Amino acid sequence: MAGVTTRRQAAAAQQQEKDTTVVNGNAAPAKEQENAPRDILDNLDDEPAENIFLFYPNLIGYARIILAIASLYYMPIHPRTCTLLYSISCLLDALDGIAARAYNQSTRFGAVLDMVTDRCTTSCLLTFLASAFPRWAIVFQLLISLDLASHYMHMYATLALGGSNTSHKNVDKSRSYLLNLYYTNKNVLFIACFLNEAFFVGLYLLSFSSPLLSPSLLETVPPSTAAAIHQGAQVNSSILSLIFANPYSAGALEMARANKMDSFWPWVITGVSFPVMAFKQVVNVIQLVKASRWLAEGDIETRREARRIAKRRQE
């Protein structure tokens with residue numbers, strides 16, 4: 001989101017347009033309005049300050065957080081409810097940008113709130129996937145680290161070297177054509193973010209349905225063979241209370257997910273969105289590398305300037 005135009009700046013720009021009157025087709029100064037800008041600005045100082053926290057885009061951002069927290073509550077054993085809440089939270093990410101432009105309420109607070117919400121919700125989902133598929137835990141951990149590191153490095157480099165009023169979405173083509181396309185083309189940004197989340201949601205749903213990903217949890221044995229539990233036999237989830245003292249333990253929750261839904265649509269979602277998810281990770285790697293190089297270039301220039309100053313002082 002771009003930096004917001006203050007009321008003082010808007011009033012000054014509006015008055016500047018009125019400071020010139022047209023006489024017989026020629027521009028001439030309006031003497032009678034000469035002192036108008038100062039009067040207007042003085043009046044604006046008396047107006048109450050805007051409450052940035054109650055801007056419409058930021059209210060949408062708060063709703064996203066509430067929905068995301070609710071989805072986390074249902075995540076362990078209610079896949080449909082969790083998916084619905086999580087998906088609405090992600091889709092509202094596009095609505096807050098529309099509201100910001102429609103009501104001229106783009107703010108740096110809103111931009112950071114939006115990015116932090118995205119990073120936190122995705123990280124929470126990947127954390128769950130790491131526990132649902134322990135064999136692939138290191139992959140999900142690396143994805144979390146890459147996502148956080150690339151966005152932090154990119155935003156820090158933008159603020160440190162591009163100026164405090166520069167948005168992290170303003171990427172020059174000379175630095176990276178791909179990043180420029182990703183951040184400036186709204187369709188590319190929306191599709192990449194949406195399908196990236198869809199891939200992980202698809203994996204989440206597969207943790208409740210796929211015998212290929214969780215084969216040991218989807219086989220059951222008759223209750224008569226329950227005595228073989230100690231030898232490692234699989235049992236039906238209906239007797240969880242007899243196996244696990246704590247129903248919220250990792251093993252109990254894993255067993256409760258087994259055979260909870262059909263795996264057809266989760267496989268479709270995962271398969272269709274995988275290429276876009278891979279593209280998003282490539283963008284994250286490029287973003288991390290480019291931001292690191294930009295910071296290094298800034299360090300080189302800072303050190304060079306420091307040596308120049310030290311040399312001048314010695315002379």
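Visitor: Is N104 buried or exposed, and what is its relative accessible area?

Guide: N104 is exposed, with a relative accessible area of 55%; exposed means over 50%, buried under 20%, and partly exposed in between, using a 1.4 Å probe and protein chains only. The model is predicted, so local features need pLDDT of at least 70 and side-chain atom pairs count only at pLDDT 80 or more, while totals for chains, interfaces and linings use all residues. Residues are numbered from 1 along each chain as its sequence is written, and side-chain values use heavy atoms, with hydrogens and water left out.

The backbone at N104 also deserves a look. N104 is not a glycine, yet its phi is positive, at about 55 degrees. Most residues other than glycine have a negative phi.

N104 sits in the loop that runs between α4 (79-102) and α5 (108-132). Helices are DSSP runs of H or I with at least four residues, strands are runs of E with at least two, and both are numbered from the N terminus.

The crossing of α4 and α5 is left-handed, meaning that the near helix is turned anticlockwise from the far one by less than a right angle, whereas clockwise would be right-handed.

On the α4 side, Y86, D93 and D96 meet D114, D118, T121, T122 and L125 of α5, where contact means heavy atoms within 4.5 Å. By class, this contact of α4 with α5 holds 2 nonpolar, 2 polar and 4 charged residues. Ala, Val, Leu, Ile, Met, Phe, Trp, Tyr, Cys and Pro count as nonpolar, Asp, Glu, Lys and Arg as charged, and the others, Gly among them, as polar.

Of its 315 residues, 36% count as buried.
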